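Student: I have some questions about how the terms are applied here. Can we take them one at a time?

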Amino acid sequence: ERSKLRRLKTAKATTLDGVEISLQANIELPSDVPAALDGGAEGVGLFRTEFLFLDRGELPSEDEQFEAYRKVVKGMDGRPVTIRSFDLGADKDLNPEGTLGDRVKTNPALGLRAIRVSLAEPKMFQTQLRAILRASKYGKVRLLIPMLAHAHEIDATLAAVEQAKSSLRGDRIGFDASIEIGGMIEIPAAALAIGMFLRRLDFLSIGTNDLIQYTLAIDRTDEQVAPLYDPLHPAVLMLIAHTLHSGEKAGIPVSVCGELAGDPALTRLLLGMGLRSFSMHPAQILEVKSRVLKANIGELAPQVRRILRLEEPAKIREQLERLNGNVA
Ligand code: PEP
Ligand code: MG
């Protein structure tokens, strides 16, 4: 079985009815690049840079970050690399001394986290943006911003990128001036008010791990409520479907980089919902690709539309099992 999957490594992820699907890798450190390539990833869809803080108490310098980003870009050898700015705070228990300190308060999931930290720590943000821009000279780099909820956060981020660009110009350091900037859709407000994201950004990536948490008010780290953390809750599916449709109408690419994207039992559902770009743990790529190769989107789409009208996760799950039928 494993060796059958191995043979899919170089195959294109195309459905039976000829739709090309992009399968990319989520990585946490430059040392994950070989696994991404081994899984046949077409690129890095999510580089969780906050893991550069692992096992250290201080901020990595601009040069250290640059080296880490460049290593990934060069390792991916021309394939696109989506570098997410730090998602510090909350469950990412990596808070370096002196940046956040005790500012992460009573409810970290709703507190100072991700882009909120970056905008509150402009020096830290500039250091990271300069390092990412410098790495963009060595391949196709995209910048991804986590936990956006407000239009003004996007505007402040775009201004910070412009500032980093002009400081690099001042230092006569090269970078890709047309680097694409995208946003994570992982707060329900962002999915609902999607227009202000589509108008400001080059691409979107749905972070279902947090989207589920915030939609259902279930702490993703609390085992006591884990059974209620249900990706098939109709509200979650509605928000994903709305984001996909809105992106398609606006001509803005949308991918999913939450754990959902790597679950082979959900591949057909997501394809039928209109998803064309998946980013996942490298170990999942070949399994998901095998599902893509057996899928016919023209047949799936109307079946999935019917599933999305159901109201209970249990019913949705039952129909999903039928949809997956004998292809499992
Ligand atoms: C997500 O929230 O789905 C996501 C991909 O980001 P993270 O798991 O790093 O919060
Ligand atoms: Mg997230």
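Student: Which residues of H10 are buried?

Tutor: This is a predicted model. In H10, the buried residues are Val236, Leu237, Leu239, Ile240, Thr243, Leu244 and Gly247.

Student: What puts them on the same side of H10?

Tutor: Their arc around the axis is only 165 degrees, so they lie on the same side of H10.

Student: How do you know that the span of H10 is close to the expected one?

Tutor: Helix H10 covers residues 234-250, 17 residues in total. The expected span takes 1.5 Å times one less than the number of residues. That gives 24 Å, and H10 reaches 24 Å from its first C-alpha to its last. Just after H10, Gly251 has a positive phi of about 75 degrees.

Student: Why does Thr208 count as buried?

Tutor: The cut-off is 20 or more other C-beta atoms within 10 Å. Thr208 has 23 C-beta neighbours inside 10 Å, so Thr208 is buried. Thr208 sits in helix H9.

Student: What does Thr208 touch, leaving out residues up to four places away in sequence?

Tutor: Thr208 touches Pro231, Val256, Gly258, Glu259 and Leu260. Contact requires C-beta atoms within 7 Å.

Student: Which residues surround ligand 1?

Tutor: Thr208 and Gly258 are among them, along with Leu46, Arg48, Asp87, Glu186, Gly207, Asn209, Asp210 and Cys257. Strand S2 (44-48) and helix H9 (208-216) each give two or more residues to this shell. H9 has the largest share, three residues.

Student: What makes up the shell around ligand 1 by class?

Tutor: Two residues are nonpolar, four polar and four charged. Gly counts as polar in this scheme.

How values were computed
Residues numbered from 1 in each chain as written. Chains lettered and ligands numbered in written order. Predicted model: local features only at pLDDT ≥ 70, side-chain atom pairs only at ≥ 80, totals over all residues. Near = placed C-beta within 6 Å. Helix = DSSP H or I, 4+ residues; strand = E, 2+ residues; numbered from the N terminus. Buried ≥ 20, exposed ≤ 12 C-beta atoms within 10 Å, placed from the backbone. Arc of directions from axis to C-beta. Contact = placed C-beta atoms within 7 Å.
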